[in-house]
Amino acid sequence: MNIKDLYYFQRLISTQSYTQTAADFHVSQPTISQAIKRLERHFQVTLFFRQAKTKALVLTPSGQQLLLAANDIINNWQHVNESISHLRQHTLRFGIEPSVSEHYLPALTKPIIEQDLLSSVHTVEMGANQLVK
C-alpha cells in the first residue's frame with residue numbers, strides 16, 4: 001500500500017469528485033480510481049458507494065474507519081517529515097507553554113546562548129494541547 005493512496009482517498013471523500021481530486025494532485029482521473037481500487041483490494045472491502053440521486057460518495061463502515069485512520073496516518077506522516085527536516089537542518093524545535101516559559105525559559109536560554117546554539121533553536125509558544133500535537 002502506498003501512503004499517496006490514503007491522501008487520494010482522503011481528498012476524494014472531501015471533494016466528492018474524482019475529477020477535482022485528480023486536478024488537486026495534478027494526476028489523471030484513472031490514477032485516483034486505481035488508488036481506490038488498490039485500497040479496496042488491500043482491505044478486501046468496499047469503501048464507499050455513490051448515492052443514486054445526489055451522486056454523493058457515501059462511506060461504508062469500513063470506509064469510515066479507513067478515513068479516520070488515514071487522517072491520523074497522514075497527520076503523523078507530516079509530523080515525521082517535519083521532524084526529520086528539522087534534524088537535517090540541525091535545528092531544535094523547542095515548544096514551551098506560556099505559563100511555564102516565564103519561570104524556566106530564562107534558565108534554559110542562558111546555556112543555549114553561552115554555547116552559541118541560539119541560531120539552531122526554533123521556539124514555539126502556545127498552549128500545552130497544541131504543543132503535544
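Modeller: Buried means under 20% relative accessible area, exposed means over 50%, and partly exposed lies in between (1.4 Å probe, protein chains only). This is a predicted model, in which local features need pLDDT of at least 70 and side-chain atom pairs count only at pLDDT 80 or more, while totals for chains, interfaces and linings use all residues. Residues are numbered from 1 along each chain as its sequence is written, and side-chain values use heavy atoms, without hydrogens and water.

Colleague: Why is Arg38 called partly exposed?

Modeller: Arg38 has a relative accessible area of 36%, which lies between 20% and 50%, so the term applies.

Colleague: What makes Arg38 and Asp5 a salt bridge?

Modeller: The term requires a side-chain nitrogen of Lys or Arg within 4 Å of a carboxyl oxygen of Asp or Glu. The side chains of Arg38 and Asp5 meet at 2.7 Å, N to O, so the pair qualifies. Arg38 lies in helix H3 (residues 29-43) and Asp5 in helix H1, so the pair ties together parts that are 33 residues apart in sequence. Helices are DSSP runs (H or I, at least four residues), numbered from the N terminus.

Colleague: How do you know that Asp5 is buried?

Modeller: Its relative accessible area is 0%, and buried means under 20%.

Colleague: Why is the one aromatic pair called edge-to-face?

Modeller: Rings of Phe, Tyr and Trp (its six-membered ring) pair if their centres lie within 6.5 Å; planes under 30 degrees apart count as stacked, over 60 as edge-to-face and the rest as tilted. The centres of Tyr8 and Phe25 are 4.9 Å apart and their planes stand at 80 degrees, so the pair is edge-to-face.

How values were computed
Helices (H or I, at least four residues) and strands (E, at least two) are DSSP runs, numbered from the N terminus.
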